[in-house]
Amino acid sequence: YCVKGLIASWCEMHGIMVPEPPPPPPSPITDWRWDLLLGSGLMNGGSDQSKGDATVEKAFVCLSDGSSRELTNLSSAGEICKIDSLSSRMDEASDLKNRPPELHARLDDELMARFEKLFSDLKLSSLRVQCRAAEEIWLLTKVDAEARAYLGVNGFIPALVGFLQTAINAEDVEAQQIAAAVLSNVAIDNNRNKAEIVALGVVPLLLKLFNTKFPLSTREAAIVVLLTVSYLDENKLLIGSSGTVLHLVDHLDSGSNQSVRDALTTLFNLNIFTGNRLCMINAGIVPKLVYLLSLNDAELSGKCTAMLYSLAFLEEGRSAIVETENCISVLAEILDLGTLKEREHACSMFLLLCTNSFQHSCLVLREGVIPSLVMLSVNGSPKGKEKAQKLLQHFRQQRQKDCAWYMNQAPCHTGMSGSGGHALGQSNKSVWSRSLMRKGRNKTSFSFFRRSISFAFYNC
């Protein structure tokens, strides 16, 4: 739509006629207007058409795009009856397709009978039979959204939750993993199923799978279910208040690469709800996020910086960021070398830290962030530029206050020796002088600062 609008605007500006869209491709047979074919005026056999059931040598079919196509060798009127039946079935399929999938899943009778048999198997007492039925459901729902909708409206989710409960009570690891996999499949792209799964008490059951007596693969299967259902806003509070945050945070440095990504994405989803942030801080998420940032993984870094920025709105979050070893240094590196969004988040975090505490300002300045801020204020995103300019302005105002304080205190030191006064001046200026250099950490930003030194000092 946007591209069409741009093309139309350009053509109007240059006085050129707007081109017509290309003709649609030939319609498949399912788009043919069979009802028009069966009408009285659209079968033109001419002299080749005989009475009764005589052979029709030629017929012309009106297609949905308005054109016609010749059909030949319709052996008898019986073929026309078959076409009529085909037309009716296609009309029914079209009507079903236009209905909401949550209400009417377009499944054929054979598949529905198959699902009914699987539903009966899930109700049996044999765990092995339930496992086979669940595995087949997993295969059927892997790529079929209509099958997932059918299961949701026909009572399969309570049966699957019961199967998970049975597997946990029996301590059958294979059955637990199968149940978790099926539940995660059923919840994909279906908010109704997500809500029902959580409402039926799946989260407390999944918490039992984090028991150390179960293998790591079982915990990873439980995380996948939590990840899937956490995309629904209504589930975020229930999941966050259930105690799963602590297990997800602990998993950030102990699982496989994929499961760590799943756990981080789940926490990222839960972090959107403000009430979950304090739980994450108390669970010790900040050191784990700093560790993931140090891995220099692009996918992980984006989520980690976004989460740290949201946590920095809380006083507890700012304290955790400052108290975590190397956190300020890692964020300074991201401010220098990260993507535009990561640099924006890092600058926003520093702005929250520095405007709420003078001690935090000193810590940030010791990392030599001034050149990176100057570069961001010139080459960053619109929001990044705004944040960088505000932070530079804050540092300028803070330095002016320090200079005014030093001038007011100068008469008190007139009796001091020259070397003592010089030492005092150097002490007050040491933090600001260190802010102009990155201690050799990033030569690119420092070279920019040297080339544009007048601009840099003007902005600092």
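Reader: What lies 3.0 Å from a polar atom of the side chain of Asn 190?

Author: In this predicted model, the backbone nitrogen of Asn 193 lies 3.0 Å from a polar atom of the Asn 190 side chain. A polar contact requires N or O atoms within 3.5 Å, and the pair formed by Asn 190 and Asn 193 has a distance of 3.0 Å.

Reader: Why is Asn 190 called buried?

Author: The relative accessibility of Asn 190 is 5%. Buried means under 20%, so Asn 190 counts as buried. Asn 190 is placed in the loop between α8 (173-187) and α9 (191-199).

Reader: Which residues is Asn 190 in contact with, leaving aside its neighbours within four places in sequence?

Author: These are Arg 148 and Ala 149. Contact requires heavy atoms within 4.5 Å. As for Leu 232, its C-alpha is 9.5 Å from that of Asn 190, and the two residues are 42 apart in sequence.

Reader: What makes Glu 367 count as buried?

Author: Glu 367 has a relative accessibility of 11%. The limit for buried is under 20%, so Glu 367 counts as buried. This residue is found in the loop between α21 (358-366) and α22.

Reader: With which side chain does the side chain of Glu 367 make a polar contact?

Author: The partner is the side chain of Ser 329, at 3.1 Å.

Reader: Why is helix α22 described as largely enclosed by the rest of the structure?

Author: Helix α22 comprises residues 370-379, and eight of its ten residues are buried, so the helix is largely enclosed. The buried residues are Ile 370, Pro 371, Ser 372, Leu 373, Val 374, Met 375, Leu 376 and Ser 377.

Reader: Why is α16 called roughly antiparallel to α17?

Author: The axes of α16 (residues 285-293) and α17 (residues 298-311) cross at roughly 150° and come within 9 Å. Angles over 145 degrees count as roughly antiparallel, so α16 is roughly antiparallel to α17. Residues making this contact include Ile 285 and Leu 289 of α16, and Met 307 and Leu 311 of α17. The crossing of α16 and α17 is left-handed.

Reader: Which residues touch the most other members of the largest nonpolar core?

Author: They are Ile 285 and Ile 321, in a core of 99 residues. Helix α7 (residues 156-170) gives the most to this core, with nine residues. Not counting residues up to four places away in sequence, Ile 285 touches Val 249, Leu 252, Leu 267, Met 280, Met 307 and Leu 311.

Notes. Residues numbered from 1 in each chain as written. Predicted model: local features only at pLDDT ≥ 70, side-chain atom pairs only at ≥ 80, totals over all residues. Heavy atoms only, no water. Buried < 20%, exposed > 50% of the residue type's maximum accessible area, 1.4 Å probe, protein only. Helix = DSSP H or I, 4+ residues; strand = E, 2+ residues; numbered from the N terminus. Polar contact = N/O pair within 3.5 Å; in protein donor to acceptor, adjacent residues only side chain to side chain. Core = buried A, V, L, I, M, F, W, Y, C linked by side-chain atoms within 4.5 Å. Axes fitted to C-alpha atoms, helices over the stretch in contact; angles between N-to-C directions. Parallel < 35°, antiparallel > 145°, perpendicular 65-115°, else oblique. Left-handed = near helix turned anticlockwise from the far one by under 90°.
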